[in-house]
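Please study the structure before reading each solution.

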Amino acid sequence: MLGSDVLLCFIFYSTLLILKMYIIAIFTGQVRLRKKAFANPEDADRHGGVQFCRTDPYVERCRRAHVNDMENILPFLFLGAVYSMTGPSYAVARLHFLVFFLGRVLHSIAYLLALKAPTRSFAYVIAQVPCVSMAIQILMEVASFA
């Protein structure tokens, strides 16, 4: 009912990535509670007073990991959906989706655990390779219509 095997594979990895984003968001909220570092005065007041309306380095690290996910996963969702409609081979498409997924998981782990450089950068680049590949293939597919 949902379409081709490629589209189903894309839906699988996209759903995992969205769940990963939810997990990072929930983790960030838990760290805020544990560190008593709230972004809004009303939240701080509810948890001990306005003095807890403050920043914390680890909360900010978690927040940056989440923002980075949004900046990278949202374009993947577009590229992967359009790429799925271009009729790629299942094996190649699955490899694109899997590499992006694993790169983003490694990137989040590296970010949250503050792993030594260049682990996070390496994970970022690895995840960008399939996105660039999909973008090029999409452009080649539609260039004659421009």
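A salt bridge is a side-chain nitrogen of Lys or Arg within 4 Å of a carboxyl oxygen of Asp or Glu. The model examined here is predicted.

**Exercise 1.** Determine how the side chains of Asp-69 and Arg-104 meet, and which helices they link.

*Solution.* 
1. The N to O distance is 2.8 Å, and the side chains of Asp-69 and Arg-104 meet in a salt bridge.
2. Asp-69 lies in helix H3 and Arg-104 in helix H4, 35 residues apart, and the pair thus links distant parts of the chain.
3. Buried means under 20% relative accessible area. Asp-69 has a value of 0% and is therefore buried. Arg-104, with a relative accessible area of 0%, is buried as well.

**Exercise 2.** State which residues are linked with Asp-69 in a network of salt bridges.

*Solution.* 
1. Lys-20 forms a salt bridge with Asp-69, with the closest N and O atoms 2.5 Å apart.
2. Lys-20 lies in helix H1 and Asp-69 in helix H3 (residues 57-84), so this pair ties together parts 49 residues apart in sequence.
3. Lys-20 is buried, at a relative accessible area of 9%.
4. Lys-20, Asp-69 and Arg-104 are accordingly linked in a network of salt bridges.

**Exercise 3.** Decide whether H1 and H4 are roughly parallel or roughly antiparallel.

*Solution.* 
1. H1 and helix H4 (residues 90-112) pack at an angle of about 10°, and their axes are 9 Å apart.
2. Angles under 35 degrees count as roughly parallel.
3. H1 and H4 are therefore roughly parallel to each other.
4. Residues making the contact include Lys-20 of H1 and Arg-104 of H4.

Key: Residues are numbered from 1 along each chain as its sequence is written. This is a predicted model: local features need pLDDT of at least 70, side-chain atom pairs count only at pLDDT 80 or more; totals for chains, interfaces and linings use all residues. Side-chain values use heavy atoms; hydrogens and water are left out. Axes are lines fitted to C-alpha atoms, for helices over the stretch in contact, and angles run from 0 to 180 degrees between N-to-C directions. Helices (H or I, at least four residues) and strands (E, at least two) are DSSP runs, numbered from the N terminus. Angles under 35 degrees count as roughly parallel, over 145 as roughly antiparallel, 65 to 115 as roughly perpendicular and the rest as oblique. Contact means heavy atoms within 4.5 Å. Buried means under 20% relative accessible area, exposed over 50%, partly exposed in between (1.4 Å probe, protein chains only).
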